[in-house]
Amino acid sequence: MSPTLRRVLREWHSLALGLSGIALTIAVFWASRHYPSIPWASGGPPGDYPRILAVVLGVLSLLVLGQALRDSLHGRCGEARSLRRLPPDAIWRIVAATALLLLSPALLHGLGFVITGTIVCLFMMLCAAEWSRLRLRSIAWMASIALGAVLALQFAFEDFGGKRLPTGTWLSGGAF
Amino acid sequence: MEYLSNLGELYLSGAGQVFTPRALLLILAGTLLGIVFGALPGLSSTMALALFTPLTFAMSPAEAIVFLIALYISSVYAGAVAAILVNIPGTPSSIATSFDGYPLSQRGEAGRAIGVATVASVIGGAIGLVVLMVGSPLLAQMARRIGSWEYAILALLALTLISYVSPGTMLRGLIAGTLGLLIATIGSDLILGYPRFTFGTSELVGGLDVVVLMIGLFGFAEVFSELENTARPSVKQRVHGVARSVRETFTHTKTIVRSSLIGVGIGVLPGAGGSIASIAAYGVSLRTSRKPQEYGKGSTEGLSAAESSNNASVGGALVPMMTLGIPGDPMTAVLIGALMIHGLAPGPQLYANNPAFVSAIFLGYLVALVFMLIVGLLAARPYARLVSFPRPYVMGVIALLCVVGSYSIQNSIFDVWVAVAAGFAGYLLKKVHIYPAPIVLGVVLGPLLEHNLRRALFLGDGSIMPFFTRPISLLLILTIILLLFSSQIGQRLRRRDAGSRA
């Protein structure tokens with residue numbers, strides 16, 4: 001790999017931002033291609049305003065790309081060096097937490113708030129804990145705090161806030 | 001205007017809404033919760049407001065807003081606790097607090113520092129409230145004369161300002177703001193009701209709820225960020241002698257008043273919140289102090305300047321929110337969302353149609369300040385322990401609050417997906433130096449900008465000329481241009497200066 005290309009790739013975050021912005025601009029134009037053209041006297045075309053914003057975003061993204069290329073070609077230190085390399089265990093924590101949180105709406109629908117809430121709370125506590133210091137006792141302590149927090153929130157939202165939290169469709173009669 | 005002509009009657013009516021046992025209990029609860037969120041590093045005022053807004057559904061509008069305002073001001077204040085004890089600002093507004101608060105704490109005077117910070121915060125908050133009470137009705141009266149042209153440009157100015165002061169480069173701030181404006185276009189078109197970017201999904205027809213987005217961007221995103229680091233701060237200092245420092249604070253009255261006015265002035269500007277206010281006030285105080293050599297080494301004068309200004313900025317931030325419907329910071333953006341949930345639209349019409357509600361907000365703010373003072377002075381020791389509370393427990397409960405909060409806004413499972421997706425996107429965007437505040441303000445200002453822009457074009461039969469022929473609109477456009485090119489103009493002037501010196 002040539003040194004110039006290596007320097008350009010070091011600005012990956014600006015390149016990613018600029019290219020994502022341009023992709024979003026194109027996506028906005030594509031998604032709004034069939035929007036009706038209505039004269040201003042009747043309220044104006046509904047697609048024009050988002051398309052103007054998309055053009056602005058596209059121009060700003062091009063400027064970010066231009067800046068990144070200029071900085072890398074002139075050997076200037078961009079913002080890439082300020083990005084911290086994440087330790088592997090942090091990556092695992094974030095991946096696991098994201099997976100659970102993405103599953104949580106489905107679990108909420110199926111298992112109801114009490115079970116899902118306890119799972120989410122406990123799992124997030126485990127993700128945020130120092131794994132080397134975890135013992136069975138501390139996990140049991142976390143589980144009881146998670147359940148306590150869930151019941152407290154259920155009381156706060158249902159009895160005080162007047163909201164009905166999901167009871168779960170997978171369990172018979174929505175017992176939870 | 002009814003608000004100004006019947007002040008006494010309106011305040012009596014407002015007092016009837018605030019001085020009830022239920023409302024007072026809610027203000028106390030808001031104060032305590034705010035202190036918890038402010039004192040815990042990593043949790044912010046915005047997160048507190050976004051997470052607790054869904055709890056306000058069963059409250060009356062006045063109760064809901066005073067509860068949220070109590071939460072807001074006490075969380076801004078309590079950010080000082082972590083800044084003083086462990087040198088980690090509990091909220092961004094407390095950055096300047098740590099400059100002198102932490103050295104005091106290292107000298108074994110944490111209690112003194114917390115006492116000074118508490119009293120200075122309350123005085124700053126009170127000055128902010130006075131400006132809000134006096135200035136906002138007048139501004140609301142003036143705002144009624146503003147047309148769609150000015151409103152559209154005002155929304156653009158607000159976005160430019162927040163991009164200007166947001167962390168990272170202005171270019172990235174502008175990208176974030178534009179992204180927010182684009183997110184706001186999802187759902188039915190404001191004028192014709194035509195569905196945009198819904199991709200055939202019925203859940204998207206109503207658009208994305210701003211509070212749900214904020215739970216994602218400020219709640220889930222923060223949880224992801226916290227997972228990167230499992231180390232937690234430890235508190236070694238003893239907290240004692242808090243109440244004894246009350247009298248000492250009054251020796252800095254001049255500094256506190258000046259800093260509070262700076263705080264209010266900066267708070268009024270969209271995007272420029274407590275963090276900028278406290279740093280600016282600290283800088284001015286340092287330059288005008290008789291003992292500048294003590295700054296950074298534990299000066300209670302510097303601490304008073306920082307704390308009074310960041311709390312005064314809250315009152316300032318509420319001025320454009322209540323009078324124009326334009327949020328000064330992400331926290332007031334949540335308050336706008338909360339007002340809308342309760343069927344109230346901020347802006348000049350709020351003063352005309354609900355004057356008693358406005359006075360209830362002011363009185364609630366005052367009561368919250370009194371509670372903040374009492375709790376801050378009497379309960380400093382127990383809540384100082386919060387700073388070293390185990391992070392895993394906090395993160396677990398915050399994630400749970402995010403799930404239940406995003407669901408309960410509209411009883412929608414889909415909203416939980418939206419919040420999680422927004423949280424993960426917000427976390428990734430922070431990695432490329434795109435911060436959530438301009439995105440959120442873009443989402444809040446989007447409908448205001450689009451509605452007024454299209455209305456202005458409709459009234460002008462498609463012509464953009466009125467934007468340039470109306471004096472206020474033209475002045476605002478010139479301000480935007482000046483802000484956009486200020487760094488280039490500054491650079492050119494510096495180069496010319498250097499050239500002429502050579």
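**Arg112(B) is partly exposed, with a relative accessibility of 23%.** Here, buried means under 20% relative accessible area, exposed over 50%, and partly exposed in between, using a 1.4 Å probe and protein chains only. The close-ups show a predicted model, in which local features need pLDDT of at least 70 and side-chain atom pairs count only at pLDDT 80 or more, while totals for chains, interfaces and linings use all residues. Residues are numbered from 1 along each chain as its sequence is written, chains are lettered from A and ligands numbered from 1 in the order in which they are written, and side-chain values use heavy atoms, with hydrogens and water left out. Arg112(B) pairs with Glu109(B) in a salt bridge, with N to O at 2.6 Å. A salt bridge is a side-chain nitrogen of Lys or Arg within 4 Å of a carboxyl oxygen of Asp or Glu. Glu109(B) is also partly exposed, at 23% relative accessibility. Together with Arg107(B) and Glu248(B), Arg112(B) and Glu109(B) are linked in a network of salt bridges. Over all chains, the count comes to 15 salt bridges.

**Arg470(B) and Glu150(B) meet in a salt bridge, with 2.8 Å between their closest N and O atoms.** This pair links distant parts of the chain: Arg470(B) sits in the loop between α22 and α23 of chain B, and Glu150(B) in helix α8 (residues 148–165) of chain B, 320 residues apart. Helices (H or I, at least four residues) and strands (E, at least two) are DSSP runs, numbered from the N terminus. Arg470(B) is partly exposed at 28% relative accessibility, whereas Glu150(B) is buried at 4%.

**A salt bridge joins Glu226(B) to Arg391(B), with the closest N and O atoms 3.0 Å apart.** Because Glu226(B) belongs to helix α10 of chain B and Arg391(B) to helix α19 of chain B, the pair ties together parts that are 165 residues apart in sequence. Both partners are buried: Glu226(B) has 18% relative accessibility, and Arg391(B) has a relative accessible area of 6%.

**Helix α19 of chain B runs through residues 391–410.** Its 20 residues reach 30 Å from first C-alpha to last, close to the 28 Å expected at 1.5 Å a residue; the expected span is 1.5 Å times one less than the number of residues. Since 18 of the 20 residues of α19(B) are buried, the helix is largely enclosed by the rest of the structure. Asn411(B) follows α19(B) and has a positive phi, near 50 degrees.

**Ser408(B) is a residue of helix α19 of chain B.** Ser408(B) is buried, at 0% relative accessibility. Its side chain reaches the backbone oxygen of Val404(B) at 2.9 Å and that of Gly405(B) at 3.2 Å. Leaving aside its neighbours within four places in sequence, Ser408(B) is in contact (heavy atoms within 4.5 Å) with Phe157(A), Lys163(A), Pro54(B) and Phe57(B). The C-alpha atoms of Ser408(B) and Leu55(B) are 8.3 Å apart, though 353 residues separate them along the chain.

**Ser94(B) lies in the loop between α5 (61–86) and α6 (95–106) of chain B.** Ser94(B) is buried, with a relative accessible area of 0%. A polar atom of the Ser94(B) side chain lies 3.3 Å from the backbone oxygen of Gly79(B). Leaving aside its neighbours within four places in sequence, the contacts of Ser94(B) include Val76(B), Ala80(B), Pro89(B) and Asn310(B).

**Phe197(B) is found in the loop between β2 (195–196) and α10 (210–227) of chain B, and Phe199(B) lies in the loop between β2 and α10 of chain B.** Most residues other than glycine have a negative phi. Phe197(B), however, has a positive phi of about 50 degrees, and phi of Phe199(B) is positive too, near 50 degrees. Which of these residues is buried, and which is exposed? Phe197(B) is buried, at 9% relative accessible area, and Phe199(B) is exposed, at 64% relative accessibility.

Methods. A polar contact is a pair of N or O atoms within 3.5 Å; within protein, one must be able to donate a hydrogen and the other to accept it, and residues adjacent in sequence count only if both atoms are side-chain atoms.
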